[in-house]
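Colleague: I'm new to this one and would like to learn how to read it. Could you walk me through it?

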Amino acid sequence: MSSVRIHIPPVRLAKLLRTPGGLPVADAVQRAGAGLESLRGECLAELKGVLDSAESCAARAGPEYDRALLDELYAIVATPIGIPSVCGLASVDTALISLSDLLDYLKGQERWDANAVAVHLRAFRLLLHTEGAADATGTQAILAGLRKVSQRYARPETPPE
Amino acid sequence: MGLNPESRARFNLERASVLMLEESTMGMSILVQILTGFGAKTLHRCETVEEAQATIQKVEVDLVIADAMGAEGEGYDFVKWLRQSRIEPNCFAPVLLTAGHTPREAVSKARDCGAHFIMAKPLTPIAVLERILWISKEGRRFVECDSYMGPDRRFKNEGVPAGTVGRRRDDMPAEVGEAETPNMEQDVIDGLLKTRRVEL
């Protein structure tokens with residue numbers, strides 16, 4: 001059995017947080033929210049770039065499994081997770097997470113499913129450009145559909161036909 | 001837990017030195033807006049693990065917020081390096097890891113890297129603040145052994161794993177032994193539970 005050392009190190013941050021001055025929680029949260037709001041335009045532009053890169057990457061895929069291409073596409077869609085919510089597009093975040101799950105499952109099973117990827121990218125485009133006008137029920141239906149598609153590959157013992 | 005976003009309770013991050021590791025420019029901007037909104041002034045922005053390691057060797061940091069960084073999870077490797085670096089006091093710093101998506105291959109890496117908490121993106125200001133306040137609590141135990149170095153991951157004390165005797169001096173056996181003192185009288189128990197008027 002290896003030796004285990006358990007101790008309680010001092011935490012300077014705890015003391016600093018208690019020093020006089022600072023901000024009330026409500027003000028801090030409001031200031032941070034305002035700061036994020038100022039990034040809205042940049043975030044939207046970034047997402048449009050992500051969509052273009054993802055579509056052109058997926059378009060290069062052949063019918064067979066290609067690990068390098070899957071890695072590239074995964075990096076493109078997983079890195080910006082968190083950005084859409086800053087511009088009020090939480091549904092785009094959900095779509096990106098579903099696509100990342102799908103790519104992760106495909107990698108694990110060394111498979112490629114062009115249709116499953118394409119349906120995610122089409123939903124990404126739709127949600128990015130029409131979120132403001134779309135009704136909540138429609139958006140939820142799209143996301144539920146995506147989740148169903150990616151979850152088809154979640155269990156390797158029952159691969160889809 | 002649940003921090004009330006309307007709370008007037010104060011906290012002070014002005015003098016805290018915060019290291020941020022985030023490869024995405026937009027992700028870094030989001031983090032910066034959140035932290036400056038909280039009043040933090042000393043922010044060390046690192047886009048690569050190498051930059052973050054160099055910063056750890058140069059300055060004292062009070063808080064680390066690191067992204068998992070891609071499918072390979074370089075951010076997890078950085079936290080593991082930080083814990084094993086023995087650069088005090090930085091190696092004991094509270095670490096908040098953020099991750100957009102965690103591939104299945106990286107789950108055990110994420111669990112074992114030694115971070116205090118792993119937050120799934122998207123980040124919201126109230127959730128980040130809640131976690132910063134939580135991980136900065138004093139009195140948190142730190143575990144050092146061959147396979148792990150970081151904060152104690154036991155949040156709930158459910159006893160030692162089944163079939164083992166435990167490795168800590170204060171680990172209790174699963175079997176409850178015979179009582180060593182007489183049972184309490186029912187009147188005493190009732191007295192403890194009785195509702196009483198409190199003078200304020």
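Modeller: Let's go from the whole model down to single residues.

Colleague: Before anything else, what scores does the model carry?

Modeller: Keep in mind that this is a predicted model. Its scores are ipTM 0.89 and pTM 0.84. For chain B, the average pLDDT is 89, and 96% of the residues score at least 70.

Colleague: How many helices and strands does chain A have?

Modeller: Chain A has eight helices and two strands. Read from the N terminus, the order is β-α-β-α-α-α-α-α-α-α.

Colleague: And how many helices and strands are there in chain B?

Modeller: Six helices and eight strands. From the N terminus on, chain B goes β-β-α-β-α-β-α-β-α-β-α-β-β-α.

Colleague: Why is chain B called more spread out than a compact globule?

Modeller: You hold its radius of gyration against what a globule rule gives for that chain length. Chain B has 21 Å, well over the 16 Å that the rule gives for 200 residues, so chain B is more spread out than a compact globule. Its C-alpha atoms fill a box of roughly 65 × 50 × 30 Å along the principal axes. For chain A the radius is 21 Å, while a compact globule of 161 residues would be near 15 Å. The box for the C-alpha atoms of chain A is roughly 60 × 60 × 30 Å.

Colleague: What share of the residues is buried in chain A?

Modeller: In chain A, 36% of the 161 residues are buried. In chain B, 38% of the 200 residues count as buried.

Colleague: And what can I learn from contacts within a chain?

Modeller: Look at how far along the sequence the partners sit. Of the chain A contacts with a separation of 6 or more, 66% are between residues 24 or more positions apart. In chain B, among contacts between residues at least 6 apart, 64% join residues at least 24 apart.

Colleague: How do I describe two helices lying against each other?

Modeller: Two packed helices are described by the angle between their axes and by the distance between those axes. Take helix α2 (residues 49–58) and helix α3 (residues 74–84) of chain B: they pack at about 20 degrees, with axes 10 Å apart. An angle under 35 degrees counts as roughly parallel, so α2(B) is roughly parallel to α3(B). The residues in contact are B:V49, B:A52, B:Q53 and B:I56 from α2(B), and B:E74, B:D77, B:F78, B:W81 and B:L82 from α3(B). The crossing of α2(B) past α3(B) is right-handed.

Colleague: At what angle do α3 and α7 of chain A pack?

Modeller: Helix α3 (residues 40–59) and helix α7 (residues 114–130) of chain A pack at about 160 degrees, with axes 11 Å apart. That makes α3(A) and α7(A) roughly antiparallel to each other. Here α3(A) passes α7(A) in a left-handed crossing. On the α3(A) side you'll find A:L47, A:L51, A:A54, A:E55 and A:A58, and they meet A:V117, A:A118, A:L121, A:F124, A:R125 and A:L128 in α7(A).

Colleague: What should I check in the backbone itself?

Modeller: A cis peptide bond joins B:E88 and B:P89, with omega about 0 degrees, and B:P89 is in the loop between α3 and β5 (95–99) of chain B. Another cis bond joins B:K121 and B:P122, with omega about 5 degrees. B:P122 sits in the loop between β6 (117–120) and α5 of chain B.

Colleague: Which phi does A:E110 have, and is A:E110 buried or exposed?

Modeller: A:E110 is not a glycine, yet its phi is positive, about 50 degrees. This residue lies in the loop between α6 (90–109) and α7 of chain A. A:E110 is exposed, because it has 10 other C-beta atoms within 10 Å. Now try B:M69, also not a glycine, with a positive phi of about 65 degrees. B:M69 counts as buried, because it has 25 C-beta neighbours inside 10 Å.

Conventions
Residues are numbered from 1 along each chain as its sequence is written. Chains are lettered from A and ligands numbered from 1 in the order in which they are written. This is a predicted model: local features need pLDDT of at least 70, side-chain atom pairs count only at pLDDT 80 or more; totals for chains, interfaces and linings use all residues. pLDDT is the predictor's confidence in each residue, from 0 to 100. Helices (H or I, at least four residues) and strands (E, at least two) are DSSP runs, numbered from the N terminus. The radius of gyration is taken over C-alpha atoms; the globule rule is 2.2 Å times the number of residues to the power 0.38. A residue is buried if 20 or more other C-beta atoms lie within 10 Å of its own, exposed if 12 or fewer, and partly exposed in between; C-beta atoms are placed from the backbone. Two residues are in contact if their C-beta atoms, placed from the backbone, lie within 7 Å. Axes are lines fitted to C-alpha atoms, for helices over the stretch in contact, and angles run from 0 to 180 degrees between N-to-C directions. Angles under 35 degrees count as roughly parallel, over 145 as roughly antiparallel, 65 to 115 as roughly perpendicular and the rest as oblique. A crossing is left-handed if the near helix is turned anticlockwise from the far one by less than a right angle, and right-handed if clockwise.
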